[in-house]
Structure formats: C-alpha cells, structure tokens
Amino acid sequence: MLVWKRHAHALREGNQAAEAAQAAQATSTAGAAEPPGAEPARPAPDLAEGLRTHGVSLGAALLIVIQLLWMVDLLTHSYFRQDDYSYLYRGLESGFGWKYLTWEDAGQLMPFGMAVSWALARVSLYSWLLASVSTLVLLTGTSLAMLRMLRTLFGNRPAILAVLAVFLFSPLQLAGISWWSWAIIILPVELTFCMAVTAHVHYLRDGRARHAIAAAGWLLLGMAASDKGAVVPLVLFALTSAFFVPGTWAAAAVKSAVRYWRAWLLYGSVLAAWAAVYLVQLSSSAVKPAASGSISGILSFVSTLTGTVLLPGAVGGPWQWAQPGYAVADPPAALQQLSWAVCAIVLVVSCARRVRAWRAWAILAGWVAVADILPIVLGRMGQLPASLLGTEARYLEDAVPVLALCAGLAFLPLADEQGAIRFRLPAARPAVAVLLSVCVIGSFWSLQSFETGNVVPAAAARSYIVTAQAAVAGAPRGALIVDGPTPASVMAPIIFGSSGYTSRVIGAIARGEPAKHLAWTAVPRGAVGKLMVFNASGQLLPAAVAGPVSGPPPVKLPVQTSRKKPGKEPRKKPGKTSGKTPGKTAGPHCWAVTTAGISIPVHGSLYRWNWFVRLDYSGPATAAAVSYGGGWASVQLPAGTHSFYVPVVGGGSTVGVRLAAPSPGWCLTGLAVGSLQPAPSGPAIPATPLTG
C-alpha cells in the first residue's frame, strides 16, 4: 500500500505544480491588465459550454429512453425459452450455496446469473414480468455505464452521442435481451466492461489506487457473470498501450507493462483466482472444452459470423431472420454486400483521418476472436453445422460495447489528447448524420422482423405455462402423472432430454401446491387409479395406451351360482327341462388364460421399442406374466376390477399372457399395447388452453 501511496503522491505533486504555474501565469496577466485598486472582473458565465453540457445529457437521456421503449415492446412479444426454465427450476430446487453458484452449464461458470435465477424463482416462478424488469434494469445500468465511459474517454462532446447510438440501437443485442437466461449472463459483462474501462482510465490519469481497486472489483463481477469477462483485462492492457502510452504499439506495450505494473498485478490476481475456481469446477463438469471441427469448418464458421452477422449488424442489419430458428441472421444478399462496402469505407476513412485508428479496429478483432470465436470452436463446433452456428447473432452480443468503444477510438481524440486528427472533413457532420440515420432505420427494420418471427413461439410457450399452472391448481389429489417431454417451444427434447420433462418444468410449479400430493412417474407399473398426463397445450388429462388393441374376448366364462335349499325347489312339469346346467350361468366374455399361456392378437403391429401393455381384468388376486415379442415380465395382480399397466420391451402383433397358478374366476376382458398418451375423449384440466 505504501508503494501505491508514493506512486499516487508523485502524480499528484506533478499535477499540483502544473496547476500552480498556470495560476501564477493567470494572476500575472490579470495584474498587468487591471489598474491598481480596480475590482477584479467577474468571469462571464460560459453559456455555450453550459448548453453543450446539458445538451449532451439531454440527448443521451432521450436516446436511452427510446432504446428502452423499443426493448419494452420487444419483451412484450417474448417469453421464457429453453434454458430459462432449467435455470429457474434449478434455483427453486437448490439451496443458495457455493455448489449451486459454481454449477457449470456447458463449461460456463456464471455465479451472478445463478444468484439472479435463485432469487426470481422464489419471488415468483415463471413470472415474465419480473424477468423483463430484471432485464430492463440491467440494460438501463449498462446504457448509463456506456455513457459514463464515453464521457470519461472523450469528454462531454456531442460526438459521443453518435457512438452511444451505435451501442443502444445495435440489432446484435436483440437476441440476448429477449432471451432471459442469456441476458442475465451477457448484460452484466457489458456493464462491468464499461465500468472497468472507466475506472482504469481514471487510474491512468491520476494514479490513485482506489480507481485500480474499483476496476479490479468490476473485473471480478464480470468474470462472475460469464467466462467472457476474463477477456476484459486483456482489453484494458491493449487500450493502455494503444492510446495512453506514446510510441509504436510494441514499444508502448513494454512501457505500459513496466509503468503500470501495480495495476496489472492486481488485475492478474483477480484473473488467476477466477481461473483457479473455473478449472476446479471444470474438472468435475461433464462438458470439457476441446478443439473440435475441421479447419475448413472453423474457417466457414468465422467467415459466416463476421460476414453474415457482425458487419451487417454494425450498420443496422441483418434486416431479416431465418425461420425456423432464434436470432439466426439471414440478410438479403444485396444488403449484406452493401454492409461490407460501408464497413470498408468507414475503416479506410478512420485510419486515414485518425492517428492510431487501426489499433482500435485491431482491439475489436481481438475481442471477437478470443471472446466469441474461441469458446464456440472449443465447445460447440461438433454440435451443429459450422454455417448454422455462424449465423446466430447472440454469440456477438457481448461485442457491441467493444464495437462502440472502438468506433469512438477510431474517430474521436481522447479528452486530453493532442494531434490525434490528421485532417478535418468539411462534410463530416452531415455524412455521420446520414449514416447514423440509415443504421437506426435498419435497426428498427431488424427489430420488427425479429418480433414478427418471435410472436408465435413465444405465445405458444406462454400459453403452455399458464395452462399448466391452472392444471396443477385443479389436479385431483393423489394423481400420478406420466412424465414426458415438454413441447419444443418450451424446451426442445432433442437438446435437453429429461431436463425438459414435465416433472422438472411443471413439477416446479407443483412444489408450491404441497396439499395436492402430485407425483410423477416415467414408467407407471401396476393398477393406478388416477393416471394422468399433460398434453402439448399444458392441459392435464387421463392417460391412455395409444396403440393396437385386442378384439372382444371369444369365450363366456361360466359362473357358479348358489343352489336352493332342499324342499324349496319348485316342481317342474313332466316332460319339460330348462336346458341349462344346474348351478351355472353365463358370465362375461373372457380369454381363457391358463398357466400354459395364451397369445392374444392385437389389431396392428409395432416395431421393437419400450411400450406399455394395459390389461383389463376382474377376479381374485393372482400372479401373471406378460410378453410382447420379447421376454416375460412378471406382475402381481390385485383382486378386483382394474386396468393394470405393464412396461415391456418388444414388438409385433400378439401379446402373450400366462398365469403363475390356476385362478378360477379370473377374467381378462381386454388389452392394449403402445405408448401412454392423453385420452382423446377424457375430461381436460382446464377445459380449454389459456392464453396468458
């Protein structure tokens, strides 16, 4: 700490000496100009400066409000999707501890998002209003942090409003803002990026330790939000060497490392601590980073991500989105090529006009390579085609604040920088205004297209959850619910498997209804009185075996009747008989199942798979075995009249049934084989799907 104080004291002494010299010069000049005894002239208020200061603030506030209104409209057309449900029900099921906070999702460590999920799940599970408010709070904080960073770097000049607009209205933000679980991961990274840059620049200018400590704190929060936060210290070093230290970039990098070693040591300690926790947690994770995909696949991914998403997105694209898909960029070919030309012109003009402008674009390219491309190559290249991965705009959301920062560095001088601009363009302001207007119009076009494609799946997911909440509230006590996948609009079964089953997604809702005593089963077995299942709309219906069924039983089982007491039997007329066997009557139609077994044909045939056989019977308790083109499954059948479910593995067009021991009076009246589905004619809870 003594080293920090000496370093800061030396910087302050230099600043104080310069201020004293300026004050002395000003006093000398004033003394020479004013006659003895005259009152010192009061400086006239700089009205223009005051208007400019407030004008920038008002302009920035207006831009931020417009952005928030756009995003409110976007969120009203959105809803929870995919990972959102798993984050929320995991938060409801888990305690708030280290194990929960450091849970890794596909190799990503995100304690901040897990903490937010834990809190929201307990306040109001699956409340889109609450989730939207949390997103808007993070977005507002990020927008204000961006404004503060721009003011710190470039001063309170009107030109920063153009840079701010690049950040506020970028279509690359749409996917992350409307996808809640992605928003609570990426928006904190953007927020902490802006705040860390601001604190670090203050440290570079005055050398005060508190600014470096504040920057380290923001870095730690960013790393707690996402592993992308670990790239921010590299940007701070690149920014320092590129724009705050004179000389060639290589020489400036060496000087920066030596001159500000205390800050790098502090930032490095934070990064090392995060890396240690990350590696420990990764060792126990099922997903391990590993380079995957061919060289051609990686090049295809990189070219698609930059040419189809990044460059069009920088000027308001992609203007249209692929369907089906979520935030999959599909720009028109002509506009895509036009965006390349515009970006090339901007790059050339900035490098010709601004000293060191190329360094800003190099920083942006480095961020995209390390924070956006490398994680995909290590973790997701083998899961989907490279060309499809490269069109997902959400992977570039975190690059938007870096894009805005680098655009400012490429065109604007720093607040205390001299000689940064080689020449001034006479029509610069009209050209910037036209280009910015085109970008904003394109952004609005992209937003409208995105909302249009998002309305149907969002409405379907909202209806399913609201209907399921009503079904849980109206479910009969003691119901046993057959577990199964939720619709793809909620959690795609091919991606999430059992993590997207109703026992997890809807079961979290039932946790708030302990008096219902609802239970889930993946494989029902036995005589179940209230077996129910959710349909694709979120309604709860009786479960039925959907598949081939048997025909009517061919045999009437004789039933023994009680005899009359002697002396009570009525006299029969001579020569007439009843034609019936004394003491026996005809019973219900049954299959004559014996210990040797019987093969019962069904109307249809199924391929070999996991199926359920439903036995409809009445009679005394007995033991039996069931086979469907495979091995025999033994079951204990209780006495009475029941529908008994037996899981089997097999296929074919006949079902075998045999008794373990003779059981007089046991009657098999019917059977079916297939999968468990909602009964087509059963009463639904609620009667009709809700819209929310």
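Visitor: Which residues make the contact of α10 with α13?

Guide: Ala212, Ile213, Ala215, Ala216, Leu219, Leu220 and Met223 of α10 meet Leu266, Tyr267, Val270, Leu271 and Trp274 of α13, contact being heavy atoms within 4.5 Å. These residues divide into twelve nonpolar, no polar and no charged. The model is predicted, with local features needing pLDDT of at least 70 and side-chain atom pairs pLDDT 80 or more, while totals for chains, interfaces and linings use all residues. Residues are numbered from 1 along each chain as its sequence is written, and side-chain values use heavy atoms, without hydrogens and water.

Visitor: Why is α10 called roughly parallel to α13?

Guide: Helix α10 (residues 209–225) and helix α13 (residues 261–283) pack at about 20°, with axes 9 Å apart. Angles under 35 degrees count as roughly parallel, and therefore α10 is roughly parallel to α13.

Visitor: What makes α11 largely enclosed by the rest of the structure?

Guide: Ten of its twelve residues are buried, so α11 is largely enclosed; buried means under 20% relative accessible area (1.4 Å probe, protein chains only). Among the buried residues are Val232, Leu236 and Phe243, and the cover includes α9, α12 and α16.

Visitor: Why is arginine 356 called buried?

Guide: Its relative accessible area is 17%, so arginine 356 counts as buried. Arginine 356 is found in the loop between α15 and α16.

Key. Axes fitted to C-alpha atoms, helices over the stretch in contact; angles between N-to-C directions. Helix = DSSP H or I, 4+ residues; strand = E, 2+ residues; numbered from the N terminus. Parallel < 35°, antiparallel > 145°, perpendicular 65-115°, else oblique. Nonpolar A, V, L, I, M, F, W, Y, C, P; charged D, E, K, R; others polar. Buried < 20%, exposed > 50% of the residue type's maximum accessible area, 1.4 Å probe, protein only.
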